[in-house]
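Here is a report on a structure with more than one part to look at. Start with the picture, then follow the text through it.

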Amino acid sequence: MSEYSLSINGKKLKVDVSEDTPLLWVLRDTLDLTGTKYGCGMAQCGACTIHIDGMPTRSCVTPVTLAIGKEITTIEGLSENGDHPVQKAWDTLDVPQCGFCQSGQMMTAAALLKENPNPDEEEISMAMSAHICRCGTYHRINEAVKLAAKLQKR
Amino acid sequence: MKNNRRDFLKNMLLTSGGLVIGFNSLGNSAAEIISMENVKDELLSNAFLTIDSNNLITIFSPNPEIGQGIKTAFAVIVAEELDVDWEKVVVKQADLDIKRFERQLTGGSGAIKHSWERLRKAGATGRYALVAAASKKWNVSATTLKTDKGFVINEKGEKISYGELVNDAVSVEIPKEIPLKSNKEFKLIGQTIKSVDNKTVLTGKAKYGMDYKQPGMLYAQIVRPQGFGQTLKDFDATEAKKIDGVIDVISFKDKVAIIGKSNWPIMKARKVLTINWTNTKELESDTKHNQIFTDMMKNGPFEVRRKDGDIEKAFAEAHKIIEAEYQCPFLSHSPMEPMNFFADVKKDSAKLVGPTQTPQSAQNQVAKLLNIPVENITVELTKMGGGFGRRLNNDYALEAAEVSSLIKAPVKLMWTREDDMSGGIYRPAVRYKFKASIDKAGNVTGFALKGVGLNAGNSTRQDNFPVGAIENVLIESADYKSDITTGPWRAPITNFLAYAEQAFIDEIAFAAGKDPVKLRLELLKKAIEKPVGKITYEPLRFEKVITTVAERAKWGSAKKGLHQGFSVYFSHNSYVAQIAEVEMKKGKPTLKKVFAVTDCGIVINQSGARNQIYGAIVDGLGHAMYGNLNFENGAPKQTNFDQYRLIRFNEVPEIDAHFIDNGIDPTGLGEPALPPTGGALANAIFKATGKRLYKQPFAQEDEKVAEIL
């Protein structure tokens with residue numbers, strides 16, 4: 001076990017874990033940031049997606065050591081009051097069914113819209129197809145990404 | 001002695017058998033007050049709601065929410081009759097409470113149908129008491145008063161809030177018959193209402209089973225036999241125990257459990273744990289399953305499920321005979337949240353927390369397993385990351401309880417995705433053989449179905465359409481007791497039977513030279529005019545969804561290059577007709593659109609209902625195309641999403657979801673839109689390519705359609 005200093009959602013936090021621990025488990029088990037979900041453990045489903053220096057990253061396959069000195073953002077830190085354009089759009093269009101995959105979906109959508117404020121159908125599809133939603137909320141995710149792009153401009 | 005309110009309540013509980021607001025007409029379970037501890041001063045309450053004097057209105061949703069939208073839908077129904085401001089209502093998931101609720105489970109798409117009247121009466125009773133209290137206060141007749149958004153309003157337009165009336169309303173005597181709103185008076189029901197959990201889900205604050213923690217809690221994962229049919233021989237945990245964060249390794253019932261301070265050390269320990277398994281018998285494989293299917297399809301033993309007329313005579317006199325055999329594999333449920341449960345077992349009590357579709361069954365099973373009085377076991381319901389039937393089975397909750405009792409500590413058991421996919425309780429593998437006869441005029445004279453399943457139970461639905469519309473029918477099923485465990489999977493049996501049957505009826509139509517839609521309508525006419533034997537469906541409702549979807553999709557006059565496939569199915573008391581449209585481009589088929597027309601009676605929430613239609617169609621398409629588990633040495637080859645393909649964002653067609661507005665009492669929607677989907681797709685593929693698909697997953701059956709989505 002070693003002590004690591006991490007910057008998560010704008011806060012400096014110290015954790016004592018082994019060096020190979022994936023960030024996912026540091027967030028969930030050590031720091032109680034359970035909004036980031038475990039779904040497959042092999043970067044297939046996207047439920048564990050967070051931002052590292054703004055890049056959407058699969059926390060289930062990212063060792064804690066790779067995040068040192070970088071800014072980590074989780075769903076809990078996407079916005080202060082749950083009012084990020086992506087969160088607003090997801091609510092307005094009532095996207096979630098079970099909701100388990102949606103924090104990962106939103107983290108990817110938020111990163112996409114920051115990088116590319118006007119994504120076309122193809123670009124949205126490319127980004128969002130990296131995720132699995134077992135409830136099949138894809139139609140509304142598609143609409144919500146487009147709505148979030150509009151909200152972001154206001 | 002001064003009579004205070006608590007004494008009044010106590011007296012009332014004593015004199016009325018536990019009723020604070022009368023729910024006599026509903027029976028005890030819906031009627032009893034939550035408990036004396038929860039009866040705060042100035043609180044008007046029944047099983048489903050509380051109103052306090054500060055006007056805080058809380059509605060309790062008892063049924064497990066797995067993403068089907070029941071938590072919101074139930075609350076909408078109560079709020080409608082109570083006539084409150086929806087934006088101000090607090091909706092809470094109720095924990096298991098068998099005295100307070102009945103049928104507190106999620107299965108069979110049955111919750112709305114079962115609870116529709118109960119929920120309305122719960123709301124209406126509250127409203128009645130509040131109106132009566134206002135009538136007394138203003139000294140006017142109750143019939144002159146109206147309610148709206150949590151206020152009682154008199155003829156002068158004066159308003160008084162529900163909260164202000166609570167103190168008086170609690171002593172109102174409730175008549176046996178409570179008037180309910182007419183459908184025309186609905187303000188909330190039928191509107192587009194967002195899920196009450198959006199706020200917590202979208203900020204990462206919602207607590208799913210996997211997120212639940214309590215101080216002092218340990219973590220556990222379990223290594224189970226590699227293949228179904230194996231037993232534990234021995235294990236060596238020396239290396240595993242050396243890993244920092246691992247506390248202990250124990251075994252029970254052919255399983256090895258690793259206990260740790262968090263999940264990652266346990267996952268590392270699993271890699272260095274040496275376990276030897278014993279094969280006590282021949283382990284099952286695809287090869288063996290094929291042999292079993294072939295043998296049983298030929299030799300049975302079959303159980304006759306339904307017999308009408310004389311099928312042999314119909315076949316002997318037939319102008320044409322049509323035969324086909326359909327196959328489907330085992331499927332994993334794969335909810336996004338893998339199985340997990342929390343248990344804190346003490347000597348004579350247990351606290352269980354987690355995701356389950358059947359909390360009462362979890363309580364009873366744990367009581368039996370650990371010999372703890374059932375009344376000393378609590379079950380708290382968390383949010384659930386999907387279910388699809390998997391969480392009807394509480395195997396993982398029992399494991400958590402057993403581990404907790406063995407290590408004498410609160411524990412959170414988690415299954416990895418690999419555990420989940422290889423852990424069984426699958427959709428059973430099934431094969432169907434259909435045979436039908438038609439006369440010279442193209443009428444269907446005989447219909448026979450043989451279903452063979454591996455742990456499928458009765459793999460037929462012997463009283464469902466087209467049975468009842470054909471004179472000579474024989475429905476039989478045979479079941480093989482396999483080591484591979486199975487369970488209900490969203491729309492059990494019909495999730496595959498509907499595809500096979502609807503694809504077969506399409507084949508009959510083409511053999512008879514009839515339009516597939518017209519053939520169904522002809523058959524239904526027979527079921528309306530002169531049904532043969534017992535039928536479970538209402539032919540007129542069937543007819544309506546068929547004609548409506550045909551109109552919406554312009555059946556028979558689709559644009560050039562578009563090929564339409566039709567399918568319709570009745571399940572879980574709802575009717576869904578679908579038309580899938582496939583476009584041929586450069587010799588390759590692409591699924592463009594699915595039209596779905598649903599009759600589930602009154603739609604409670606347009607948003608939630610649409611979500612269920614979209615989701616069930618996406619689910620049906622994905623699993624028909626890709627879903628597959630292959631077995632070797634008793635174990636599935638696919639253990640995670642890299643090999644077990646699920647449908648993704650870029651693969652969904654446009655969906656047109658329409659509901660029949662007929663004002664009939666509502667029925668379930670979590671499952672019924674899935675069964676017809678595979679048939680609509682297969683029939684559209686046939687129209688586009690001329691090829692019939694007899695085996696799921698379609699992507700493996702025919703590589704030309706592998707990229708149709």
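This is a predicted model. In chain B, 54% of the 709 residues count as buried. Chain B is built from 19 helices and 27 strands. Along its principal axes, the C-alpha trace of chain B spans about 90 × 70 × 50 Å.

Now turn to chain A. Chain A has five helices and five strands. Read from the N terminus, its elements run β-β-α-β-β-β-α-α-α-α. The radius of gyration of chain A is 15 Å, close to the 15 Å that the globule rule gives for 154 residues, so chain A is as compact as a globular protein of that length.

The table sets out further values for each chain.

| Chain | Buried residues | C-alpha extent along the principal axes | Contacts joining residues at least 24 apart, among those at least 6 apart |
|---|---|---|---|
| Chain A | 58% of 154 residues | roughly 45 × 30 × 25 Å | 61% |

Next come the helix pairs. Two packed helices are described by the angle between their axes and the distance between the axes.

Take chain A. Helix α2 of chain A covers residues 85-92, and helix α5 of chain A covers residues 138-153. Their axes come within 8 Å and cross at roughly 130 degrees. Angles over 145 degrees count as roughly antiparallel and 65 to 115 as roughly perpendicular. α2(A) and α5(A) are therefore oblique to each other. The crossing is right-handed. Which residues of α2(A) meet α5(A)? They are A:Pro85, A:Val86, A:Lys88, A:Ala89, A:Trp90 and A:Thr92. Facing them from α5(A) are A:Ala144, A:Leu147, A:Ala148, A:Leu151 and A:Gln152. By class, this contact holds eight nonpolar, two polar and one charged residue.

Helix α14 of chain B takes in residues 494-511, and helix α15 of chain B takes in residues 516-529. Their axes come within 9 Å and cross at roughly 100 degrees. α14(B) and α15(B) are therefore roughly perpendicular to each other. From α14(B), the contact uses B:Ile505, B:Asp506, B:Ile508 and B:Ala509. From α15(B), it uses B:Pro516, B:Leu519 and B:Arg520. Five of these residues are nonpolar, none is polar and two are charged.

Last, look at where the chains touch. How many residues does each chain give to the contact? Chain A gives 47 residues and chain B gives 45 residues. On the side of chain B, the elements that give two or more residues are α6 (198-202), α8 (263-272) and α17 (606-626). The largest share, six residues, comes from α17(B). By class, this side of chain B has 17 nonpolar, 16 polar and 12 charged residues.

Technical notes: Residues are numbered from 1 along each chain as its sequence is written. Chains are lettered from A and ligands numbered from 1 in the order in which they are written. This is a predicted model: local features need pLDDT of at least 70, side-chain atom pairs count only at pLDDT 80 or more; totals for chains, interfaces and linings use all residues. Two residues are in contact if their C-beta atoms, placed from the backbone, lie within 7 Å. Helices (H or I, at least four residues) and strands (E, at least two) are DSSP runs, numbered from the N terminus. Ala, Val, Leu, Ile, Met, Phe, Trp, Tyr, Cys and Pro count as nonpolar, Asp, Glu, Lys and Arg as charged, and the others, Gly among them, as polar. A residue is buried if 20 or more other C-beta atoms lie within 10 Å of its own, exposed if 12 or fewer, and partly exposed in between; C-beta atoms are placed from the backbone. Axes are lines fitted to C-alpha atoms, for helices over the stretch in contact, and angles run from 0 to 180 degrees between N-to-C directions. Angles under 35 degrees count as roughly parallel, over 145 as roughly antiparallel, 65 to 115 as roughly perpendicular and the rest as oblique. A crossing is left-handed if the near helix is turned anticlockwise from the far one by less than a right angle, and right-handed if clockwise. The radius of gyration is taken over C-alpha atoms; the globule rule is 2.2 Å times the number of residues to the power 0.38.
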